[in-house]
Every structure is written in structure tokens, then in C-alpha cells.
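Visitor: I would like to learn how to read a sheet and a pocket. Please take me through them one at a time.

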Amino acid sequence: MNELLRILLLALAACLVLSSKGVKGHEEPAFDNETLQRFLSDQLEARGGATGKHANNWAVLVSTSRFWFNYRHLANALSMYRTVKRLGIPDSQIILMLADDVACNPRNAFPGTVYNNADRALDLYSNNIEVDYRGYEVTVDTFLRVLTDKVDRRTTPRSKRLLTDENSNIFIYLTGHGGNEFLKFQDAEEVSAFDIADAFAQMWETKRYHEILFMIDTCQANTMYSKFYSPNILAVGSSELDESSYSHHADSDVGVAVIDRFTYYNLEFLEKVDKGSELMMKDLFDSYDPVKIHSHAGVRTDLYNRNLSEVPITDFFGNVQAVEIDEDDDEE
């Protein structure tokens, strides 16, 4: 009976979300906020309340685009990969999904490399990269199964599974081509805002996360988080409904754009962050300038119950490992 009640409550929340008109900028969603907040409160209470404490960090980084001219999307994802590794998240806790391998594309004037800046000072495709899913492995089905851990455990190694629990903070980053409430995979299929919202709901029900930071860089990105209805999710997008998301600059020798504007300015801020940084998530969001980004980045906070000025950047981009010490009762 309790399980049935939870399912009915989730269905009610989903119906409320479906009535929304999308989220723009920092606006709140257009559904009944009081009902949603009551639902979220009940969910958190059932979990024993919510605190800012977590025991481990994970990242899921996805570039969904194929083809040479989408070079920048791969560079976007690899740039985030480099950042979270620099701040302490190990490869064993990163799921990296790249729909194309532009490093080995015959058009690449610099074989075996990927750069995110025209000065080519930093090769993102170094010997230290560990790609978990590549090429045609990167599908909507695979992505959703990774989130919910509904993979074939006989054939899927642990290194390709998101082995999170109720104490895990997860940073989920998506980049590619999208539109109103959808993101393309491989230019052949789409994941919808509803698909991701339902996957997050399953993750919450099965205790697969403590908090999620969802970040997406695509056209009309903010519509992709407009359908979320699960607790403890902080969501960020690069552009409003009916807005495009733009590239930052091209490399004349590479011949294509090498990074997107939203990701570029996130990285510019994150380069100031180290493992002991006291910068907060609010500082990152306050740094967004629509004049520089050429679109209106959005932040959705109504599902998230912490003050952003008190949430360290490293709660999502860094890593914490809790250590439990058993006291020896016989110790003198």
C-alpha cells in the first residue's frame, strides 16, 4: 500500500509539471507551487530529512552529437571532464559518454587531439582520458539505463555503471543539439524533458542520489528541466525557450568552432576554483552575463532546499570521501 501511495503521489506531481509552460531565466515554474512543495516536503521527510552533507561525488558527462562540424560539443564535455578530475572526482566515479571521436577524424589537422581554445594550449584528449561509452553506444536508452542502473550486469563492467547511493551528489552535464523539451542523440533520436524527469524520479525512489546538479548546454536548454519534480535537484540551462545557444569562437586551422559560449564562461569561472575553494554556487550563477553568453541562462531552484550562497562549488564539481572510524572498545 505504501508503494502504491508513493506511485500515486509521483503521478500527481508529474501531472502538475505537465501543465507548466516551461521555465525562463530564474522564474519559477508555472504549476501549483504549493502542491509541489508539499509533495517535496513529504518525500524529504520520508527520507529522514535533508542536510547539506554527502559522502561521495559522481559525474555523468555526455556529448550527444556526431559529425565533425559538432567538434565543439565533444570539446564541451571533455572540458567539464578535465575540470571535475582536476577538482578531485576520480575516473572511477565519472561516466563519460562521447557520441563521436573527432580526435581520430580524418579531417582533424591535429590527429589524436581535441582543443577548446584557438591557442591550442591544452589537449583535452590526452593519455589520461577514460571514455566509458563512445560512438553508437551513446543512445537515449543507454543514457537512461546508466542513470537508473537498469543495465545488464552480466555484460556491463562496474566501471561503466553509476554506482551511486542516497549519499551521492551527482553532476550531470549534457551538450548537443536540442529544442523545446528535447535533446538530440546522434542526430537520430531524442531524449525528452519527460524522460529525464521520470529517470530522476526513479533514482530518488531507489535512493540513488542525495543531490543532483543538472547542467545542459543546447538551444532552448531551460525547457529540458521544466518537467522535473523530484527533490534535491538544482538545474541550470544555457538558453530560454525559443533561444539558441551559440558557439564562442572557431579555430581557423581546425576549421570549426571549438567550444560553446555557455560552457566557455562556466569554465572561465571554474578555473578560479581549487579543491579548498570557498566560492559558492550562487557566485557561479551570478557570473552569468547574457551579453557575453548571447542567451539567457536559467537556474531552477524550487526543487532544491538549500541556500545557494551556502552551497560550495565543490559540493558538485569536487569530491568528498567520507571515512568511518570504528572506535576500539578495548582501547585503554
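**Reading the pocket and the sheet**

Guide: The lining of the largest pocket divides into 6 nonpolar, 4 polar and 4 charged residues. Ala, Val, Leu, Ile, Met, Phe, Trp, Tyr, Cys and Pro count as nonpolar, Asp, Glu, Lys and Arg as charged, and the others, Gly among them, as polar. This is a predicted model: local features need pLDDT of at least 70, side-chain atom pairs pLDDT 80 or more, while totals for chains, interfaces and linings use all residues. Numbering runs from 1 along each chain as its sequence is written, and side-chain values use heavy atoms, without hydrogens and water.

Visitor: Which residues lie nearest the centre of the largest pocket?

Guide: Rolling a probe the size of a water molecule over the atoms shows where empty space is left. Here a pocket is an open set of points on a 1 Å grid over the protein atoms alone, where a 1.4 Å probe fits, with protein on both sides within 12 Å along at least five of seven lines; lining residues have an atom within 4 Å of a point. Nearest the centre lie Asn-116, Asn-117, Leu-122, Leu-267 and Glu-271. Helices H3 (71-86) and H6 (261-270) each give two or more residues to the lining. Helices are DSSP runs of H or I, at least four residues; strands are runs of E, at least two.

Visitor: In what order do the strands run?

Guide: Strands pair through backbone hydrogen bonds, either parallel or antiparallel. Pairing needs at least two DSSP bridges. The open, mixed sheet runs S3-S2-S1-S4-S8-S9-S12. S3 (133-134) and S12 (298-300) each have a single partner strand, so one side of each lacks a neighbour in the sheet.

Visitor: How many bridges join S1 and S4?

Guide: S1 (56-63) and S4 (168-175) pair in the parallel sense over 8 bridges. Asn-57 stands opposite Asn-169 in S4.
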